[in-house]
Protein chains: 2
Amino acid sequence: MCCAHGAALLGHGHPAVAQALRQAIKLGFVNSFETEFHEELARRVCALIPCAEKIRFCSSGSEATLHLIRICRGFTGRNKIIRIEGHFHGYHELIYIGGQPPPDKFPENRNRPYLESAGIPSEFANLIIPLPYNDPPALRQAIAEHGKDTALVILEPVNYNSGCILPQPGYLELVRQLTKDAGIILFFDEIQSSFKKSSGGAQHDFGVIPDVCTIGKSLGGGLPLSAFCGRADIMDMCKPIGPVQHSGTFNAHLVPVLAGLAFLEEAAKPGFYPHLRALEVHFHEGLDRIINDYDLNMVAPHHGARFNIILGRRTPALRYEDAFCHSRDVMLQLIRECWERGLYLHDYGGSPAHHGYSIQHTKADIDRALNVLADVLKAMKPVLKKPCASRSVTRG
Amino acid sequence: MCCAHGAALLGHGHPAVAQALRQAIKLGFVNSFETEFHEELARRVCALIPCAEKIRFCSSGSEATLHLIRICRGFTGRNKIIRIEGHFHGYHELIYIGGQPPPDKFPENRNRPYLESAGIPSEFANLIIPLPYNDPPALRQAIAEHGKDTALVILEPVNYNSGCILPQPGYLELVRQLTKDAGIILFFDEIQSSFKKSSGGAQHDFGVIPDVCTIGKSLGGGLPLSAFCGRADIMDMCKPIGPVQHSGTFNAHLVPVLAGLAFLEEAAKPGFYPHLRALEVHFHEGLDRIINDYDLNMVAPHHGARFNIILGRRTPALRYEDAFCHSRDVMLQLIRECWERGLYLHDYGGSPAHHGYSIQHTKADIDRALNVLADVLKAMKPVLKKPCASRSVTRG
């Protein structure tokens with residue numbers, strides 16, 4: 001239930017992707033220029049993603065956010081970025097700052113955004129304004145204070161990377177309105193959320209349309225493919241029309257492009273999302289029953305084919321620090337016990353991680369997973385019933 | 001003779017890569033974790049590249065330089081970067097500054113490094129120190145002035161991206177010595193030069209071993225694969241051993257890794273480099289003869305399976321500004337004329353671009369290319385004989 005961190009929504013070895021690879025062999029597989037397959041993929045994605053008037057492809061999610069941030073800065077002539085704590089937008093210096101500080105570094109994050117890796121020059125943090133998720137006053141204040149210097153507000157509409165934190169009713173609508181009023185680009189990072197619940201992404205699921213977004217993970221059917229897309233006037237900032245560079249030998253490589261077409265073909269089949277939805281309902285009904293029966297201090301929030309497990313609380317988190325109650329040590333024990341019984345959940349070593357299922361999973365697979373979880377959670381009852389030895393930080 | 005910008009050293013549709021793709025189909029093709037194939041690829045590359053004690057993989061060249069720069073900064077605790085004008089190291093904010101300014105922006109580049117794209121915050125240029133290539137006094141002065149704040153000296157040992165500018169005798173040795181003395185990491189960007197003349201890269205060809213390097217393009221047999229490698233103590237800065245993050249769902253994707261193994265297998269065959277060398281000699285003997293016969297004001301410097309065409313001068317350039325004599329308009333005319341006769345050379349819209357051949361090219365292909373070039377260059381004699389209407393900038 002790792003599913004390649006969310007990339008394998010078609011599972012492993014799906015015949016449609018195998019067929020795409022065979023087609024790639026026939027075509028010669030390396031071609032650094034656009035083909036009719038690129039055009040077709042662009043056309044199809046733009047028809048699915050509400051904000052997408054134009055689109056460009058890359059290999060990784062990090063590349064997509066990197067290039068799209070540059071475009072937002074070029075378009076607005078501003079450099080600051082308002083971002084949300086807990087949200088993850090790739091491993092690069094433009095945005096790997098202030099997102100997921102460890103609990104002991106969290107209190108100072110809003111004054112001095114946390115550098116999430118050694119080797120990032122500290123002055124880069126001057127351009128980052130981290131905010132709590134689902135906090136209208138904090139957003140209003142940040143835009144009032146920094147709006148004129150701010151190029152973009154970037155967020156994961158579903159914050160899978162810190163406990164599957166969902167937007168509270170009205171929050172995305174407010175972000176949409178305030179960014180529009182302030183001439184700030186609203187950037188949804190849908191690398192993970194795209195295609196997980198619907199082929200329109202979280203912007204479709206919640207009915208709030210950003211100016212631009214990134215998509216990825218499952219887009220390439222498991223092959224390395226990401227994209228950024230959005231309003232035509234913003235996308236036209238790219239050379240050769242505009243002054244912003246987006247280029248690279250391996251962007252939109254033919255092999256992932258063919259696999260991406262295969263993925264979209266599968267995702268468009270009438271049974272695709274109903275099957276994923278049935279798995280979701282079946283899994284969470286089962287897991288919630290186990291949590292309830294054993295009276296465990298844990299919760300499993302979910303959105304589409306991806307879910308998280310937060311230990312130490314019984315309701316979904318609303319913001320990053322709400323999940324500081326999650327004990328990594330206990331989670332690793334849980335994962336080890338599951339692994340020994342044939343169920344693989346992956347931990348990323350910090351915030352509560354995300355897990356999921358693919359179109360190839362069956363209800364019987366979910367039952368098997370639930371049986372393993374029932375065994376493991378029963379055995380771990382003493383530690384999972386305990387009140388949280390929390391390092392939670394209350395908002396100051 | 002574009003060869004996917006240098007990625008298709010095996011050409012298009014090579015059977016060894018096709019076999020790797022068939023193997024990928026059998027294995028299920030998506031797997032976000034290391035396999036025995038990753039281990040084998042790492043072991044083999046480390047045996048070939050002189051500086052490589054440890055290695056990590058990414059998809060693109062830009063990702064490789066991005067992550068390795070972060071590691072150099074983490075290792076040294078310094079942030080400045082000494083770079084060489086004309087050299088290209090990827091499309092990201094850490095280094096897409098001060099490399100290839102247009103001629104009219106060139107004079108101020110060393111005081112205010114040129115931002116090579118809109119959307120790059122100008123303060124990022126404060127960390128970049130651009131120098132002319134092959135200029136020992138400039139290097140000595142920069143290290144004397146900025147050495148204590150400088151994390152790395154980065155360069156393309158063969159500057160394919162601005163006219164195939166080669167290091168002059170003793171220059172790389174001097175860089176090696178001065179960086180060592182100053183505790184600065186010497187970073188060779190071998191994304192393009194790796195495997196082009198030998199499987200040890202330019203560091204092998206010139207006998208100067210950097211501390212770290214990036215490799216890519218042809219490494220994946222045409223599939224999206226890059227890597228960074230170097231001294232174990234520097235590479236160990238990465239998590240989980242050290243504090244620098246390098247991660248990503250699509251890094252070291254199984255499909256390019258399998259294709260990479262296929263590439264190395266081909267490149268290790270006894271006839272591989274002799275064949276490429278024979279093509280190189282044959283092509284350049286022929287092209288030089290044409291240039292000579294028609295008395296043209298152009299030159300085609302080369303290193304291994306990749307070459308450039310510089311218009312407006314008869315000797316190879318020694319530094320970036322030496323190629324300002326190159327007329328893009330005339331080059332585009334040349335490329336159009338060749339294209340119409342079945343020979344594809346690619347232009348990147350600035351500095352004199354690189355072209356090349358693959359292992360699948362034959363002497364007969366080279367003869368065909370030479371025949372086209374002879375026709376085209378003969379027809380263009382009037383414009384190519386002209387003295388250069390140069391916008392050259394003499395060093396101040």
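Reader: Hi! Before I dig in, which conventions apply here?
Author: This is a predicted model, where local features need pLDDT of at least 70 and side-chain atom pairs count only at pLDDT 80 or more, while totals for chains, interfaces and linings use all residues. Residues are numbered from 1 along each chain as its sequence is written, chains are lettered from A and ligands numbered from 1 in the order in which they are written, and side-chain values use heavy atoms, with hydrogens and water left out.

Reader: Thanks! How many residues are in contact between chain A and chain B?
Author: There are 60 residues of chain A in contact with 60 residues of chain B, where contact means heavy atoms within 4.5 Å.

Reader: And what area do chain A and chain B bury between them?
Author: About 4,900 Å², with 68% of it on carbon and sulfur atoms. Buried area here is the accessible area (1.4 Å probe) that two parts lose on being put together, summed over both. In chain A, the residues that lose the most area to chain B are Phe29(A), Tyr91(A) and Phe250(A), together 14% of what that side buries.

Reader: Nice. How many salt bridges are there across that interface?
Author: The rule finds two between chain A and chain B, taking a salt bridge as a side-chain nitrogen of Lys or Arg within 4 Å of a carboxyl oxygen of Asp or Glu. Arg70(B) and Glu93(A) meet in a salt bridge through their side chains, at 2.8 Å from N to O.

Reader: Which helix of chain A gives the most to the side that touches chain B?
Author: Helix 3 of chain A does, with six residues. Helix 1 (15-27) and helix 3 (61-76) of chain A each supply at least two residues of that side. Helices are DSSP runs (H or I, at least four residues), numbered from the N terminus.

Reader: What rotation superposes chain A on chain B?
Author: A rotation of 180° with 0.0 Å of shift along its axis, giving an RMSD of 0.0 Å. The two copies are therefore related as by a two-fold rotation axis. The superposition is by least squares on the C-alpha atoms of residues with pLDDT of at least 70 in both. The same surface serves both copies, as 100% of the contact residues of chain A recur in chain B.

Reader: Switching topic: what domains is chain A divided into?
Author: Domain 1 (4-267) and domain 2 (272-384), with bounds from an automatic or database domain assignment. Their C-alpha centres lie 26 Å apart in chain A.

Reader: What do those two domains bury between them?
Author: Domain 1 and domain 2 of chain A bury about 2,700 Å², 60% of it on carbon and sulfur atoms. On the domain 1 side, Leu9(A), Tyr160(A) and Lys197(A) lose the most area to domain 2, together 20% of what that side buries.

Reader: How many salt bridges are there between the domains?
Author: Two between domain 1 and domain 2 of chain A. Elsewhere on the salt-bridge list, the side chains of Arg319(A) and Asp135(A) meet at 3.1 Å, N to O.

Reader: Last one: where is the cis peptide bond in chain A?
Author: It joins Lys239(A) and Pro240(A), with omega about 10°. Pro240(A) sits in the loop between helix 7 (232-235) and helix 8 of chain A. In chain B, the peptide bond from Lys239(B) to Pro240(B) is cis, with omega near 10°. For context, most peptide bonds are trans.
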